[in-house]
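My entries follow in the order in which I checked things.

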Amino acid sequence: MRAHHDGSELYVSSQSPALGETVSLFVRVPAGTRATRIHLRRLSDGEPVFTSAVVDRTDRAGDVWWRAEMPLRNPVTPYRFLVRTSQGVRWLTGAGLTPYDVPDATDFRIVAHPPPPAWACDAVVYQIFPDRFAKSFEKELPAWATGAAWGTPSARGPNATKVLYGGDLDGIMQRLDHIATLGANTLYLTPFFPGRSNHRYDASSFDRVDPLLGGDEALTRLTRAVHDRGWRLLGDLTTNHTGAAHPWFTDERGFYYFKNTGGYECWLGHPSLPKLNWGSPELRHRFRAVAQRWLVDPGLDGWRIDVANMTGRRGAEDWTHEVATLLRKAVHEVRPDGLLIAEHAHDATADLDRDGWHGTMNYAGFTRPVWSWLRADNLPFDDFLGVPVEVPHRDAAQTVAAMSAFSAQMSWRSSTTSWQMLGSHDTARIRTVVGDAARQEVAAGLLLTLPGTPMIFAGDEFGLTGSTNEAARQPMPWGSSPSRAFAAYQALIRLRRDQPALRSGGLRWVHAEGDSLVFLRESARQTLLVLARRRAGEPLKLTGLPGNTSWENLYGGGKPLYTETDGSTAIDGYGPAFQVWQADI
């Protein structure tokens, strides 16, 4: 292994520093690599400042830890290290070691804005699409809707969003024991406001809960039940558009973009979703009140922001960061421990590490790489999360390169608060992508052991399938037999809960080649070795691990390991497989 640093507590003395504080930063230089000098380079008021690092200690493995002190003058401080060894001078940034100058975009970052809520690092998020989760009472359907019997296949075609199965909030409350058995502790509901679709992203009001879901009283009951279990509950807020049935659309023309030639701006050409104009001070005032109202009563714990990447952006206008800051302050005023997560389907890095979104839905840096590494040989769809190509076949090295490229351009704090997903209500199901239960277990293993906040779309634990978002939104198959997928998710969630290094430890990649990924999750008191293999192959020979160390298997049924004095070991080649070991140190 090479010299290493990341933003975890193992390498940074404070995860929530304030302006004016000084933090200690550490670089690990592996045994056998002699660094003669290391400098910290930070940006202060935009100007590079160099500080010499000093040797802090040598650990039992022979790795040498260097320390540098960094005062925080700016809300966001980019930094990197200049490492001199016998092989020459290298820059160490989030992109790794490079023997040439690189732009500042991949510098490590310390963020001194108020931190995300402490509970977020322990969260396992469970996403619920209310209409398809559980039904507690029969409804009289509105004129725009068509009813469907529970258990019948999801509707397809242009009118699919008008089909209601009748799921509601009391139905969710009645199934909380299922979520508890699985092990999730944070519920995220797609919109509960009334609309003219089953997804409700076309809100006709932000003032009340859809009566089809049980109304305001049902949300109060659900919130109380969730909190009684010590869990969290998050809502879904559409800030880019409303539905055309919203009274603002007729009463507040300044809230939207009406054209002089007739018509109006709408989301991706859908006339039912008129786009909001965040240049309006009154709109900002109204939305601030909306965001706060539901955090106060019934007491939601935060929001996922729909289409955050487009919110406030239109042509030459760009108020996105102002909107994010406004909502962050609004949440913090009434709920200091509230969470704010932004939907962003591609590169969200430019919108993070400010005083706005705490994190993003990490499709680009997690979902896409995992899909392209674990995809089945034959797929029933030709779409790569909105890109008009089939999901590509990529090897382990390309997968890690993609993950690293995105994580290198955001702070550790933003990266670990962001949601890692194998799919959502907007995508194909992970079982359809990977093709079988064995590979789904490998995918779930990565979801629950890599840095980031895991989010599970309800139904994945049953192995539900679906090649489009509508096909994937199947009603929950209550009464079906326990599945291999459920047992795997349950055990992996328990593993994450029981092993602190999986929630707050640093990350070091050990091996990424072909069909195998291997990495370490490390804290000051724990070292875990994780193997993901997509198919069987030759035994894997690893080097660079802590030497003279025994490793106990915690997951996957693998044999105990032992690393020799030189840090080498071998792992059997069966697969698909997902295994975790803990070092006896």
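Which residue forms a salt bridge with Arg314? I found Glu265, with the closest N and O atoms 3.3 Å apart. Arg314 lies in strand S16 (residues 313-314) and Glu265 in the loop between helix H4 (247-251) and helix H5 (281-296), so the pair ties together parts that are 49 residues apart in sequence. For the record, a salt bridge here is a side-chain nitrogen of Lys or Arg within 4 Å of a carboxyl oxygen of Asp or Glu. Helices (H or I, at least four residues) and strands (E, at least two) are DSSP runs numbered from the N terminus.

I noted the conventions next. The model is predicted, so local features need pLDDT of at least 70 and side-chain atom pairs count only at pLDDT 80 or more, while totals for chains, interfaces and linings use all residues. Residues are numbered from 1 along each chain as its sequence is written, and side-chain values use heavy atoms, with hydrogens and water left out.

**Charge pairs**

I checked the cover of the Arg314 pair. Buried means under 20% relative accessible area, exposed over 50%, and partly exposed in between (1.4 Å probe, protein chains only). Arg314 counts as partly exposed at 29% relative accessibility, and Glu265 is partly exposed at 23%.

How many salt bridges does the structure hold? I have 43 on record. One of them joins Asp236 and Arg304, whose closest N and O atoms are 3.1 Å apart. This pair links distant parts of the chain, with Asp236 in strand S14 (residues 232-238) and Arg304 in strand S15 (residues 302-306), 68 residues apart. Asp236 and Arg304 are both buried.

I then looked up Arg535, which forms a salt bridge with Asp515 at 3.0 Å between the closest N and O atoms. Here too distant parts of the chain are linked: Arg535 is in the loop between strand S24 (527-533) and strand S25 (540-542), Asp515 in the loop between strand S22 (506-513) and strand S23 (516-522), 20 residues apart. Arg535 is partly exposed at 33%, and Asp515 is partly exposed at 22%.

I also noted a network of salt bridges that links Arg28, Asp63, Arg508 and Glu522.

**Two helices**

I compared helix lengths with the expected span, which is 1.5 Å times one less than the number of residues. The buried residues of H5 are Leu283, Arg284, Phe287, Val290, Ala291, Gln292, Trp294 and Leu295. I traced what these residues pack against: helix H3 (215-228), S14, H4, S15 and helix H6 (320-334). Contact means heavy atoms within 4.5 Å.

Helix H13 (residues 484-498) has 15 residues and should span 21 Å; its end C-alpha atoms are 21 Å apart, which agrees. Its buried residues include Ala485, Phe486, Tyr489, Leu492 and Arg496.

**Single residues**

Leaving out residues up to four places away in sequence, Ser8 touches Gln15, Trp412, Ser504, Gly505 and Gly506.

Thr399 sits in helix H8 (residues 396-407) and is buried at 2%. With the same exclusion of residues up to four places away, Thr399 touches Pro369, Trp373 and Arg394. I also took the C-alpha to C-alpha distance from Thr399 to Ala444, which is 16 Å for 45 residues of sequence separation.

I found 0 disulfides (pairs of cysteine sulfur atoms within 2.5 Å). Cys121 is partly exposed at 37%, whereas Cys266 is buried at 17%.

**Whole chain**

I counted 14 helices and 29 strands. The radius of gyration is 24 Å, close to the 25 Å that the globule rule gives for 585 residues, so the protein is as compact as a globular protein of that length. The radius is taken over C-alpha atoms, and the rule is 2.2 Å times the number of residues to the power 0.38.

The C-alpha trace spans about 75 × 55 × 45 Å along its principal axes. Of the 585 residues, 58% count as buried. Of the contacts with a separation of 6 or more, 69% come from residues 24 or more positions apart.
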